[in-house]
Amino acid sequence: MNTKRSEIIKKICGIGVFAALAYITTFICKLIPNVAGFLSIDAKDAVIAIASFIYGPIAGPIIAIIVAFIEFITISTTGIWGLVMNFTSSATFSLVVSLIYKYRKTFNGAVIGFAVATVLTTAVMVALNPVIVPLYSGAPRQVVIDMIPGVLLPFNFAKTLMNSALAMLLYKPIINAMRSARLVNRSEHKTEFNKTSLITVIVGGVSLLLALVILIIIW
């Protein structure tokens with residue numbers, strides 16, 4: 001019983017740590033100039049995805065709503081609609097990738113999870129943009145719709161691809177730090193460097209480079 005309670009407390013602490021890291025990441029990203037004047041680059045979804053790998057799919061939406069709310073009451077300039085967009089993006093991305101990885105815990109499973117999450121999250125956000133952006137920006141809906149092929153679609157794809165790449169590259173360093181702090185069991189989430197690790201770094205690096213190139217083009 002004590003062991004089970006200890007594990008629950010450890011999980012809550014871990015989720016709290018990731019929520020703090022995700023918010024700090026968002027705060028730092030606010031220093032980066034917006035793309036097309038109103039689209040903000042945010043890497044917090046990578047942090048949230050890693051948390052969902054470690055603590056299970058439900059951890060992603062939990063952290064997503066916590067961070068979205070804290071951002072809403074502190075640094076957001078888009079009000080309640082920004083909260084909705086932030087939560088939807090983070091929850092969709094982390095839930096999809098972690099659910100696929102949960103039932104296929106292999107390198108291929110992780111790659112498939114990130115690929116599917118990138119496509120679905122991009123589709124969801126592009127669909128929401130014409131609905132929500134006019135509500136807080138005052139821009140005519142048709143203007144937002146006209147921006148989909150040249151700005152909104154490539155931006156959302158690049159942003160989600162960037163988060164996928166960062167999650168792949170940062171998972172091992174973060175889980176090693178968590179194991180050292182005893183926030184996860186040392187017998188779980190083994191992270192020995194091997195051939196798969198090298199492939200992960202290569203795939204993550206190439207994906208990150210592609211995402212940055214797309215963002216630079218549409219900036």
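The structure is a predicted model, in which local features need pLDDT of at least 70 and side-chain atom pairs count only at pLDDT 80 or more, while totals for chains, interfaces and linings use all residues. Residues are numbered from 1 along each chain as its sequence is written, and side-chain values use heavy atoms, with hydrogens and water left out.

Asn-86 is found in helix α4; helices are DSSP runs of H or I with at least four residues, strands are runs of E with at least two, and both are numbered from the N terminus. With a relative accessible area of 15%, Asn-86 is buried (buried means under 20% relative accessible area, exposed over 50%, and partly exposed in between, with a 1.4 Å probe and protein chains only). When neighbours within four places in sequence are left aside, Asn-86 is in contact with Lys-44, Ala-68 and Glu-71, contact meaning heavy atoms within 4.5 Å.

Lys-44 lies in helix α2 and counts as buried, at 3% relative accessibility. Its contacts, apart from neighbours within four places in sequence, are Ala-22, Thr-25, Thr-26, Val-67, Glu-71, Asn-86, Ser-90 and Asn-163.

The packing of the helices that carry these residues was then examined. Two packed helices are described by the angle between their axes and the distance between the axes. Axes are lines fitted to C-alpha atoms, for helices over the stretch in contact, and angles run from 0 to 180 degrees between N-to-C directions.

Helix α3 (residues 59-74) and helix α4 (residues 79-103) have axes that come within 8 Å and cross at roughly 160 degrees. The two helices, α3 and α4, are therefore roughly antiparallel to each other (angles under 35 degrees count as roughly parallel, over 145 as roughly antiparallel, 65 to 115 as roughly perpendicular and the rest as oblique). The crossing in which α3 passes α4 is right-handed; a crossing is right-handed if the near helix is turned clockwise from the far one by less than a right angle, and left-handed if anticlockwise. On the α3 side, Gly-60, Pro-61, Ala-64, Ile-65, Ala-68, Phe-69, Glu-71 and Phe-72 take part, and they meet Gly-79, Ile-80, Leu-83, Asn-86, Phe-87, Ser-90, Ala-91, Ser-94 and Leu-95 in α4. The residues of this contact of α3 with α4 divide into 11 nonpolar, five polar and one charged (Ala, Val, Leu, Ile, Met, Phe, Trp, Tyr, Cys and Pro count as nonpolar, Asp, Glu, Lys and Arg as charged, and the others, Gly among them, as polar).

Helix α2 also packs against α3, with axes that come within 8 Å and cross at roughly 145 degrees. The crossing of α2 and α3 is right-handed. Here Lys-44, Ile-48, Ala-51, Ser-52 and Tyr-55 of α2 meet Ala-59, Gly-60, Ile-63, Ala-64, Val-67 and Glu-71 of α3. By class, seven nonpolar, two polar and two charged residues make up the contact of α2 with α3.

A further partner of helix α2 (residues 44-55) is helix α7 (residues 148-180); they pack at an angle of about 50 degrees, with their axes 8 Å apart. Helices α2 and α7 are therefore oblique to each other, and their crossing is right-handed. The α2 residues Lys-44, Asp-45, Ala-46, Ala-49, Ile-50, Phe-53, Ile-54 and Tyr-55 meet Asn-163, Leu-166, Ala-167, Leu-170, Tyr-171, Ile-174, Ile-175 and Met-178 of α7. The contact of α2 with α7 has 13 nonpolar, one polar and two charged residues.

Two residues of helix α5 were also considered. Gly-113 is found in α5 and is buried, with a relative accessible area of 0%. Not counting residues up to four places away in sequence, Gly-113 touches Val-96, Val-97 and Ile-100. Gly-113 and Phe-53 are 60 residues apart in sequence and 11 Å apart in space, C-alpha to C-alpha. Ala-110, likewise placed in helix α5 (residues 107-137), counts as buried at 13% relative accessibility. Leaving aside neighbours within four places in sequence, Ala-110 is in contact with Tyr-101 and Arg-104.
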